[in-house]
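Me: I would like to be walked through how to read a two-chain model, feature by feature. Please give the general idea before each case.

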Amino acid sequence: MKELLLIAIGSAIVNNVVLSQFLGICPFLGVSKKTETAAGMGGAVVFVITIASFVTALIYKFILANEYLLRKGIDLTYLQTIVFILVIAALVQFVEMFLKKSMPSLYQSLGVYLPLITTNCAVLGVALTNVTKEYNILESVVNGLATAVGFLIAIVLMAGLREKIEYNDIPKPFQGTAIVLVTACLMSIAFMGFSGMI
Amino acid sequence: MNKYLERLYNGLIKENPTFVLMLGMCPTLAVTSSAINGLGMGLSTTVVLVFSNLLISAFRKVIPDGVRMPAFIVVVASLVTVVQFIMQAYTPSLSDSLGVYIPLIVVNCIILGRAESYASKNPVLPSIFDGLGMGLGFTVGLTLIGLFRELLGAGQIFGFQVLSLSWFTPITIFVMAPGAFLVLACLVAVMNIVRKKMDAKGKPLAAPTGCITGDCAGCGMSATCTGKRTADHTVKTE
């Protein structure tokens, strides 16, 4: 239990996926203009990363690093990058179709963001981190969920700040993306304060 | 100008992925804490880009249009795996410091972007040179940003102490995560000024197409993506 909590706090806050690992910068910059859309994107990312880390952990444990195959001398783990990216791409399509059919209300709020996530490097990044850190399936899911919650926190905070920045008088060259990056820099400094926690 | 040299010039200067097109921002932020990391990341991306352009261009008439994207991803992911193993074998320390960002070359928008917009429409040789030019442009960009951050953050260049610590206090924040955002912010601001100057001169630079613009038009996956955000401003596409 203690390990799971440490993993969760570590990936959600201390090593925040956007602010200290630089994964998922694209949606962080692109979909953070309004708090509602940012929260929608964050929700979709939580949904997809949690499922994706569960599925990739299953595939890694039972197919790529299958004990029977390993004993026979067949090591398939080198296929992880190829398998993970394809599984994630297919999974996002599948989740989209499933939501459309069976949960139309959830699809209404998350649907538009789902395809954007396929190319989100955070999803692949989490799946690969789970393998490098040798997490078991439960730890992988917790790590995935926590990482995605970290993304949600970062993107919603950023959207809130950006709504305020709209009214400020910013030097011409810094208008647009540049001031967002400066804000991200300050947020990143703030999040560094958590680094003594674990 | 010779068309192959033109591709190199295009990648290195005219449509430099880091400075002009602003593509591949995730690796740019993540690995430029030192010049050597930037150089290593740039070169490994170049290798993947050249070979992916070669293969995709060679198979461009065989790959059916409907499964284009998955096919490209498989090609790129295989090449990235090869590069990853080569780096683990011959440059283990660099491989350790780049970590998860090497396999993440797969989702670098430069690679799928070039596959989609150039290699899948052009013959093999120009595609190779296109990949080489773009890759070297990316390498130069990452190395320069890495040099800048390393110099300010540690007083070093490629690991050699050039600013003596007896009088220079390293601004450590530059080699840490916030420094990456700050340097990129300043780069975007400087490029905004340069862009305006060039517009006034009548020689406009190519528009940035990456995620830095906050829309999906320049994304390599935009052909298959169904969740495209409508661009606030039109972005010039090829």
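Reply: Residues are numbered from 1 along each chain as its sequence is written, chains are lettered from A and ligands numbered from 1 in the order in which they are written, and side-chain values use heavy atoms, with hydrogens and water left out.

Me: Where in chain A is confidence lowest, and where is it highest?

Reply: pLDDT is the predictor's confidence in each residue, from 0 to 100. Where it is low, the predicted coordinates should not be read in detail. Chain A has a mean pLDDT of 88, with 96% of its residues at 70 or more. Helices here are DSSP runs (H or I, at least four residues), numbered from the N terminus. Confidence in chain A is lowest in helix H7 (residues 114–117), at a mean of 68, and highest in helix H9 (residues 137–165), at 94.

Me: How much area do chain A and chain B bury between them?

Reply: The size of an interface is often given as the accessible area lost when the parts come together. Buried area is that loss (1.4 Å probe), summed over both parts. For chain A and chain B the figure is about 3400 Å², 80% of it on carbon and sulfur atoms. Across this interface the rule finds zero salt bridges, a salt bridge being a side-chain nitrogen of Lys or Arg within 4 Å of a carboxyl oxygen of Asp or Glu. On the side of chain A that touches chain B, H10(A) gives the most, with nine residues.

Me: Which salt bridges does Arg68(B) make?

Reply: Arg68(B) meets Asp65(B) at 3.2 Å, N to O, and Glu116(B) at 2.9 Å, N to O. The pair of Arg68(B) and Glu116(B) links helix H4 (residues 68–90) of chain B to helix H6 (residues 109–119) of chain B, 48 residues apart. Accessibility classes are buried (under 20% relative accessible area), exposed (over 50%) and partly exposed in between (1.4 Å probe, protein chains only). Arg68(B) is buried at 16% and Glu116(B) is buried at 17%, whereas Asp65(B) is exposed at 58%.

Definitions and conventions. Helices (H or I, at least four residues) and strands (E, at least two) are DSSP runs, numbered from the N terminus. Buried area is the accessible area (1.4 Å probe) that two parts lose on being put together, summed over both.
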